Amino acid sequence: MFTIRVSTVVPAAPAAVWEDLRHIGRHVDWMSDAESIRFLTEDAEGVGVRFECVTRIGPVRLIDRMEVTEWREGEVMGIRHRGTVSGTGRFRLAPCPGPHGEPHTRFEWTETLRLRWWMGGPLGAAAARPVLRAVWARNLRRFAARF
């Protein structure tokens, strides 16, 4: 298993950031590695929501099966990954002051993942870690630019 943590500051209050982030189906608008999302449950937000995300990084394309495991309005969204990549992910929002004291939000994204043996296991993880960190940091910059 390996853990990646990236964060950014979004120039908006946590409530505004959450209002955008809560719409899982729209994550493809700012996640460059997410091609499409298909919900497997009737609900599209909250604990228990299940969905599939077609993910592509370079030549690697896979279907990431996920379930929302934590949902604290305005603060946290937790995910469990099942399938080719397994593990957990978590988006956490926290208020922070902007340069002139205006409300901003620290958006932290943490993933703890395990790659299957045929993806190289721990060796594949060592190669994937810097690539995924760069992709997810770029994704957060794209998200922040929406505000």
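I searched the whole structure for disulfides and found 0. The model is a predicted one, and I kept that in mind for each entry below.

**Cysteines.** I looked up C53 next. C53 has a relative accessible area of 5%, so I filed it as buried. Then I turned to C96. Its relative accessibility is 19%, and the cut-off for buried is under 20%, so C96 counts as buried too. I also traced the bridge partner of C96, which is H104 in β7.

**Sheet.** I followed the strands across the sheet. The sheet is open and has 7 strands, with antiparallel pairing. I wrote down the order as β1-β7-β6-β5-β4-β3-β2. At the edges I found β1, residues 2–10, and β2, residues 34–39. Each of these edge strands pairs on one side only. From one strand to the next, the twist averages 25°.

**Helix on the sheet.** I checked what α1 touches. Helix α1 spans residues 14–21 and packs on the sheet. I listed its contacts as β1, β4, β5 (76–83), β6 (85–97) and β7 (103–115). The direction of α1 makes about 150° with that of β6.

I then took α2, residues 121–144. Helix α2 lies across β1, β3 and β7. It runs at about 10° to β1.

- β1 and β7 run antiparallel, and 9 bridges join them. Here I noted V9 opposite R106 in β7.
- β6 and β7 are antiparallel as well, with 13 bridges. I looked into their hairpin and found 5 residues between the strands. In that hairpin, G101 takes a positive phi near 85°.
- β3 (residues 50–57) and β4 (residues 60–72) run antiparallel and are joined by 8 bridges. I picked out V54, whose bridge partner in β4 is I63.

**T55.** My last stop was T55, in strand β3. Is T55 buried or exposed? T55 has a relative accessibility of 14%, so I counted it as buried. What does T55 contact, leaving aside its neighbours within four places in sequence? I found D33, V60, R61, L62 and D64.

Notes. Residues are numbered from 1 along each chain as its sequence is written. This is a predicted model: local features need pLDDT of at least 70, side-chain atom pairs count only at pLDDT 80 or more; totals for chains, interfaces and linings use all residues. Side-chain values use heavy atoms; hydrogens and water are left out. Two strands pair if DSSP finds at least two bridges between them. Helices (H or I, at least four residues) and strands (E, at least two) are DSSP runs, numbered from the N terminus. Axes are lines fitted to C-alpha atoms, for helices over the stretch in contact, and angles run from 0 to 180 degrees between N-to-C directions. Contact means heavy atoms within 4.5 Å. A disulfide is a pair of cysteine sulfur atoms within 2.5 Å. Buried means under 20% relative accessible area, exposed over 50%, partly exposed in between (1.4 Å probe, protein chains only).
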